[in-house]
2 protein chains.
Amino acid sequence: MSGKENSRERLIKTASRLFQLQGYHATGLNQITKESGAPKGSLYYHFPDGKEQLAIESVQLTTAFVSKQIEEGLNKSTDPIEAIQLFIKDMAERFERESCTVGIPIAAVALETSLISEPLRASCQSAYQKFQSAFTEKLIQSGYEEKHAMELGIVINSMIEGAFLISFTMGKSEPLLLVAKQIPSLLK
Amino acid sequence: MSGKENSRERLIKTASRLFQLQGYHATGLNQITKESGAPKGSLYYHFPDGKEQLAIESVQLTTAFVSKQIEEGLNKSTDPIEAIQLFIKDMAERFERESCTVGIPIAAVALETSLISEPLRASCQSAYQKFQSAFTEKLIQSGYEEKHAMELGIVINSMIEGAFLISFTMGKSEPLLLVAKQIPSLLK
DNA sequence: GTCTATAATCTGATAGAC
DNA sequence: GTCTATCAGATTATAGAC
């Protein structure tokens, strides 16, 4: 309704990037306001519940963005094996290209806050559920039996998230590529 | 050489537990000294390089502990498929039993520090390499071709680490159990 | 080796003028 | 909606007595 929601948008986008890259506790409110260009005073106007609320909305933004990426990636082939492999390889390439300017979606926030903030944990949980269901949907559309597709969706999501973590630590995308390579064994 | 290295030991053990559970930035030096019972003044005597050094040695302790657990677990069966499945199920049971009093080995520290501390990142990297090679060794002993065994070691490690992360966030061990279930497809 | 006190800096959060 | 100033508490780290 109001004029420009610009400041709020910028705050969430900046927070989203920094939380993924540095984690929850390492990212200060000062840094977020400073890098977003938004005035610090306006943070608590837009997010009365402070850092926790900002993090929840950041996770939600990331979730929407990544889910869309997964769905678009999976649409590049009708064959689920090929589609999932293509998606993972895309992630690996992006990882190599942007080096570490992107971080791993959700993971750091999930690890750091699951024990100390129930609403934040719940946000991360529904993020992962959304990722999983994208894979599961693809498999169901390809004729996989429903329960099997659900189980595979969870496993594929775990594999990718784990490979991201190891790739990030190792500084190379090899684990992601090897996971992609094993997808046929898993799905056949 | 000196009398009791007790205080140093306690500091590392406490730090190790807290870093896994809460992550690097959320764990303060005050909390570590307080919970370890060691005097705060002695921290910088034993660890002149401060928090970073303490974290590196904590990661090393965790690495040794977890590696031993993996190796012992894998020795419970000569069949690699069964052995790996047993190990993952053990982890899942322990996860359920101790709920969240244990955290995920290495992961939080790896995510939080890989970009800000090269020595700490390197410690986490060699941790993961050690985990991987335990799986790889088991596969080679069972007759898998060396390169294939190495690739599978990396993928299995990624799967487990990812499933841990998702299980932790979800609050239930289902992802770990589903990963165990898919091991036969992967290894056959 | 231990302990206390404290420095210097950062954090999240608030109050109030504009 | 914006901006400044500031609070109380946390952080890592150091200095120096014991």
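A residue counts as buried when its relative accessible area is under 20%, as exposed when that area is over 50%, and as partly exposed in between. The model discussed here is predicted. With that cut-off, B:Glu151 is buried because its relative accessibility is 8%, a value under 20%. B:Lys147 is exposed, at 53% relative accessibility. The side chains of B:Lys147 and B:Glu151 form a salt bridge, with 3.8 Å from N to O. Both residues belong to helix H8 of chain B, which covers residues 146–170, and they stand 4 residues apart, about one turn of the helix.

B:Lys181 and A:Glu151 meet through their side chains in a salt bridge of 2.9 Å, N to O. Between chain A and chain B the count of salt bridges is 2, and the count of residue pairs in polar contact is 4. Several elements give two or more residues to the side of chain A that touches chain B: H1, helix H6 (107–113), helix H7 (118–141), helix H8 (146–170) and helix H9 (174–187) of chain A. Of these, H8(A) gives the most, with 16 residues. By residue class, this side of chain A divides into 24 nonpolar, 12 polar and 7 charged.

The next topic is the extent of the interface. The size of an interface is often given as the accessible area lost when the parts come together. For chain A and chain B that buried area is about 3,800 Å², and carbon and sulfur atoms give 73% of it. On the chain A side, A:Leu111, A:Thr169 and A:Met170 lose the most area to chain B, together 18% of what that side buries. The contact takes 43 residues from chain A and 43 residues from chain B. The copies meet through the same surface, because 100% of the interface residues of chain A are also interface residues in chain B.

Over all chains the structure holds 16 of them. One of these joins the side chains of A:Arg17 and A:Glu35, at 3.2 Å from N to O. A:Arg17 lies in helix H1 (residues 6–22) of chain A and A:Glu35 in helix H2 (residues 29–36) of chain A, so this pair ties together parts that are 18 residues apart in sequence. A:Arg17 is partly exposed, with a relative accessible area of 38%, and A:Glu35 is partly exposed as well, at 42%. Another salt bridge pairs A:Lys172 with A:Glu174, whose closest N and O atoms are 3.5 Å apart. Here A:Lys172 is partly exposed, with a relative accessible area of 40%, and A:Glu174 is partly exposed, with 29%.

Technical notes: Residues numbered from 1 in each chain as written. Chains lettered and ligands numbered in written order. Predicted model: local features only at pLDDT ≥ 70, side-chain atom pairs only at ≥ 80, totals over all residues. Heavy atoms only, no water. Salt bridge = Lys/Arg side-chain N within 4 Å of Asp/Glu carboxyl O. Buried < 20%, exposed > 50% of the residue type's maximum accessible area, 1.4 Å probe, protein only. Contact = heavy atoms within 4.5 Å. Buried area = accessible area lost by both parts, 1.4 Å probe. Polar contact = N/O pair within 3.5 Å; in protein donor to acceptor, adjacent residues only side chain to side chain. Nonpolar A, V, L, I, M, F, W, Y, C, P; charged D, E, K, R; others polar.
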